[in-house]
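I opened the notebook to look up a few local features, one entry at a time.

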Amino acid sequence: MARHVVMGDLRVQQIDRKDGRRSWTIVWPDGTVHREADWFLREYEGSGTQRTYAYLLVDHLRWLERECLGFDAVVVRDLERYMGLVGAEVRLPLGEPWRLGKRPYGQAALCTAAACLKGFYLQLAGVGVNVVLGSALNVSRLPSRAVRDRALLGHAIRGLPANPLAPRRVRRRHPKLLPEGAKDQLLAAVYAARGALRRVRHALRRCARLAGPVRARCAARVRTGRARSCRGRASAGAGRGQDAGCASASAEECVALPVTRGALGRTSVGRSACSAWSPRDRWRSPR
């Protein structure tokens, strides 16, 4: 939280103890302690909650000063309006904007502010200040099945405290989990890409056995999606004859080999019509 000097307004005062501990309270512009706020913050002496509640409560007290509202005149609608001004989603007129130029509270900050306000006004209602507001905030709810399962004596729980000022819980998926329906789409894309990669890999391995212009022509056909295998093989260079096992070495005599899927899920290619086909020319699926 950014620190700056506050002049002429309520502010949070840090108190350094002799034993090294720190405390926080709220003071008026003239330096005197805000009695109600200090009384509430003393319950959290020596914890980080005291500092958090101090900064949240001082903002609310400043808003009460601007709205000219006393503690005995605040109603639940006023608190809901304040929660809407700081970032909560409420469906009612909010009035004049508040916290101009500042970011609204997030979900966690809104829940903490609601807990701070409820505790503050319940403490005031305990001493006879605005008892009606205290009774409106002191509500309970039925425990859920998950709460009963987590509790030690869950079957004996009859009710849990609730906060009417708290925002509605936003259920967020775990960041490592995929959104709904993404698994089927990803699997379909992976299977399609894997099958295409296997077919291309097989065609390239067949073309790797060819030499010269036949290899180049076959690679071009693979890139265009028409993987073909040559029945014949061209000579690797000048002075070298045709392969003795092929009926033809012309680059034009290429036939498409049917791609089938075997019983084990591997991609296999049908044998060519070459009369000199031998087992050593058989393609082996990659492991």
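**Entry 1: two loop residues.** I looked for C68 and found it in the loop between α2 and α3. I am working from a predicted model. The phi of C68 is positive, about 55°, although C68 is not a glycine. Is C68 buried or exposed? Its relative accessible area is 68%, and the cut-off for exposed is over 50%. So C68 is exposed.

I then turned to N130. This residue also has a positive phi of about 55° and is not a glycine. I found N130 in the loop between α4 and α5 (131-137). Its relative accessible area is 12%. Buried means under 20%, so N130 counts as buried.

**Entry 2: α3 against α4.** I checked how helix α3 (residues 76-86) meets helix α4 (residues 107-126). Their axes come within 11 Å and cross at roughly 155°. Angles over 145 degrees count as roughly antiparallel, so α3 is roughly antiparallel to α4. I noted the crossing of α3 past α4 as right-handed.

Which residues make the contact? From α3 I listed L79, Y82, M83 and V86. From α4 I listed L110, A114, L117 and Y121. I sorted the contact by class: eight residues are nonpolar, none is polar and none is charged.

**Entry 3: aromatic rings.** How many aromatic pairs are there? I wrote down seven. One of them is F40 with Y53, which is stacked. The ring centres of F40 and Y53 are 6.0 Å apart, with 10° between the planes. This pair links distant parts of the chain. F40 sits in helix α1 (residues 35-41) and Y53 in helix α2 (residues 48-67), 13 residues apart. Both F40 and Y53 are buried.

Next I looked at Y44 with Y53. Why is this pair edge-to-face? The ring centres are 5.1 Å apart and the planes stand at 80°. The cut-off for edge-to-face is over 60 degrees, so the pair of Y44 and Y53 qualifies.

Y44 is partly exposed, with a relative accessible area of 23%. Y53 is buried, at 11%.

Last, I traced one aromatic cluster. Its members are F40, Y44, Y53, F71, F120 and Y121.

Technical notes. Residues are numbered from 1 along each chain as its sequence is written. This is a predicted model: local features need pLDDT of at least 70, side-chain atom pairs count only at pLDDT 80 or more; totals for chains, interfaces and linings use all residues. Side-chain values use heavy atoms; hydrogens and water are left out. Rings of Phe, Tyr and Trp (its six-membered ring) pair if their centres lie within 6.5 Å; planes under 30 degrees apart count as stacked, over 60 as edge-to-face and the rest as tilted. Helices (H or I, at least four residues) and strands (E, at least two) are DSSP runs, numbered from the N terminus. Buried means under 20% relative accessible area, exposed over 50%, partly exposed in between (1.4 Å probe, protein chains only). Axes are lines fitted to C-alpha atoms, for helices over the stretch in contact, and angles run from 0 to 180 degrees between N-to-C directions. Angles under 35 degrees count as roughly parallel, over 145 as roughly antiparallel, 65 to 115 as roughly perpendicular and the rest as oblique. A crossing is left-handed if the near helix is turned anticlockwise from the far one by less than a right angle, and right-handed if clockwise. Contact means heavy atoms within 4.5 Å. Ala, Val, Leu, Ile, Met, Phe, Trp, Tyr, Cys and Pro count as nonpolar, Asp, Glu, Lys and Arg as charged, and the others, Gly among them, as polar.
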